[in-house]
Amino acid sequence: MAHFDPNARPFSKKWLNERLAVETLERVLSTEYWIPKNINFLWAMGMVLAATFGLLVISGIFLLMYYIPDTQKAFDSVNYTIMSQVGYGWLWRHIHGVAASVVFLIIYIHMFTGIYYGSYKKGREMIWISGMLLFVTFSGEAFAGYVLPWGQMSYWAGMVITNLFEGFSADFMGGALNFPGLVEWIRGDYVPGQAFIGRFFMLHVFLMPLVIIALIVLHFGALRIPHVNNQDGEEIDFEAEAEKWKAGHRKESKVIPFKPVFLSKDVFVLGIYFLFFFYLVFYHFEFAMDPVNFDPADGLKTPPHIYPEWYFLWSYEVLRAFSKNPGLVWFGFAQVIFFLLPFLDRSPNVAPASRRGPFKIWFWLLLIDMIGLTILGKLPPVGIFTPIGTTFAYIFIALWFALPFITKMEKPVGGK
Ligand code: HEM
């Protein structure tokens with residue numbers, strides 16, 4: 001039996017420490033969790049993401065108090081009750097809508113920072129994989145949320161995305177993977193209706209947030225042993241450097257403790273981010289709201305041009321470049337290929353892309369190609385846009401096939 005001091009004041013640090021080891025927890029998670037000095041503001045994006053997720057949860061809880069998951073009432077519960085009847089309901093809705101869009105911008109910045117600096121290699125593979133799981137779950141979460149206001153885009157996006165599974169009920173892979181009635185099973189009906197809204201409501205407010213929280217814990221846990229990378233990909237002996245810091249040689253040490261030193265920098269970046277975020281919430285929230293979705297869902301009136309939110313456009317454009325079943329395969333490819341990055345990159349170099357020769361070109365081509373796909377995904381598939389979109393989709397696929405060869409040939413870079 002452990003020793004408990006009978007004189008310790010209830011809920012004092014000592015009392016809590018004896019029961020919950022709070023001091024050990026604090027040391028492991030913050031005051032002795034070491035961060036390299038050689039990093040820049042891009043390393044604050046993880047915290048910005050965590051804070052934005054927090055805002056989504058809080059604003060979502062307020063919206064949940066008035067939202068009604070019913071095909072007859074959902075639209076009005078959002079556009080009338082929350083927007084004009086509930087005090088500050090509009091504010092929570094704008095925060096939720098803007099955060100749902102901005103979180104993807106930050107996720108893409110965070111992902112491309114990882115790709116640029118090679119932060120997915122040499123012991124950091126699980127950080128990358130848990131990050132990708134977060135990306136996929138966030139995508140599902142955003143899609144489910146988009147269905148809930150039951151506007152025209154909610155309905156028709158729900159229709160188009162669930163239609164993608166039609167391939168499986170026909171002759172996918174020559175009938176090898178055949179699930180007749182799969183689309184109806186997913187929808188719970190022949191078309192999106194009450195069963196559809198009910199299950200997406202459950203996924204959006206319960207199951208997926210739970211999975212996201214678990215994945216964030218996994219992501220943070222995966223960071224603990226390899227620690228974060230740095231701007232030069234330098235392999236740091238964290239224990240030795242931490243000893244220097246603890247011995248008072250703070251200038252010579254290459255690391256700083258997460259709390260309070262790095263945290264103060266994170267909070268500074270968060271402050272700037274929130275200025276930008278609330279500027280959008282108060283003055284430009286409309287960018288996060290599709291005007292078509294301010295018309296109630298109508299299963300008899302197909303909008304002339306159906307497109308997803310901006311963050312799905314690049315993979316949507318890959319899908320559109322092909323006819324139905326191959327399109328589904330390449331869409332699936334686009335979604336999962338990033339998972340394999342740590343294994344497709346065959347070079348042992350952990351260094352910024354700028355020092356990695358052909359990989360530098362690969363990185364910028366990928367980024368430009370995905371921006372191009374995003375722009376083309378928003379345009380209707382007519383005239384010259386179709387062949388250009390197809391070319392961009394082919395380039396995307398070709399880049400991933402080329403990656404193992406390019407990186408295999410890469411020369412070792414002299415690390416610092
Ligand atoms: C909303 C979800 C996410 C949260 C809350 C989150 C949080 C964090 C935090 C706090 C860090 C440490 C500090 C930093 O480098 O920013 C980090 C690092 C990292 N994250 Fe995420 N992340 C998320 C999503 C992702 C995604 C989608 C990916 C990519 C697939 C990813 C890949 C990484 C990588 C590779 C690192 C290590 C960076 C390094 O070693 O320098 N994360 N994440």
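## Contacts and burial in helix α7

Two residues are in contact if their C-beta atoms, placed from the backbone, lie within 7 Å. By this criterion, the buried residues of α7 pack against α6 and α10. Those buried residues are Q152, M153, S154, Y155, W156, A157 and G158; a residue is buried if 20 or more other C-beta atoms lie within 10 Å of its own.

This is a predicted model, in which local features need pLDDT of at least 70 and side-chain atom pairs count only at pLDDT 80 or more, while totals for chains, interfaces and linings use all residues. Residues are numbered from 1 along each chain as its sequence is written.

## Length of α7

Helices are DSSP runs (H or I, at least four residues), numbered from the N terminus. From its first C-alpha to its last, the twelve-residue α7 reaches 16 Å, close to the 16 Å expected at 1.5 Å a residue; the expected span is 1.5 Å times one less than the number of residues.

## Packing of α6 and α7

Helix α6 (residues 125-147) and helix α7 (residues 152-163) pack at about 135 degrees, with their axes 8 Å apart. Axes are lines fitted to C-alpha atoms over the stretch in contact, and angles run from 0 to 180 degrees between N-to-C directions. The two helices α6 and α7 are therefore oblique to each other, a class left after angles under 35 degrees (roughly parallel), over 145 (roughly antiparallel) and 65 to 115 (roughly perpendicular).

On the α6 side, F143, Y146 and V147 meet S154, A157, G158 and I161 of α7.

Note on methods
A residue is buried if 20 or more other C-beta atoms lie within 10 Å of its own, exposed if 12 or fewer, and partly exposed in between; C-beta atoms are placed from the backbone.
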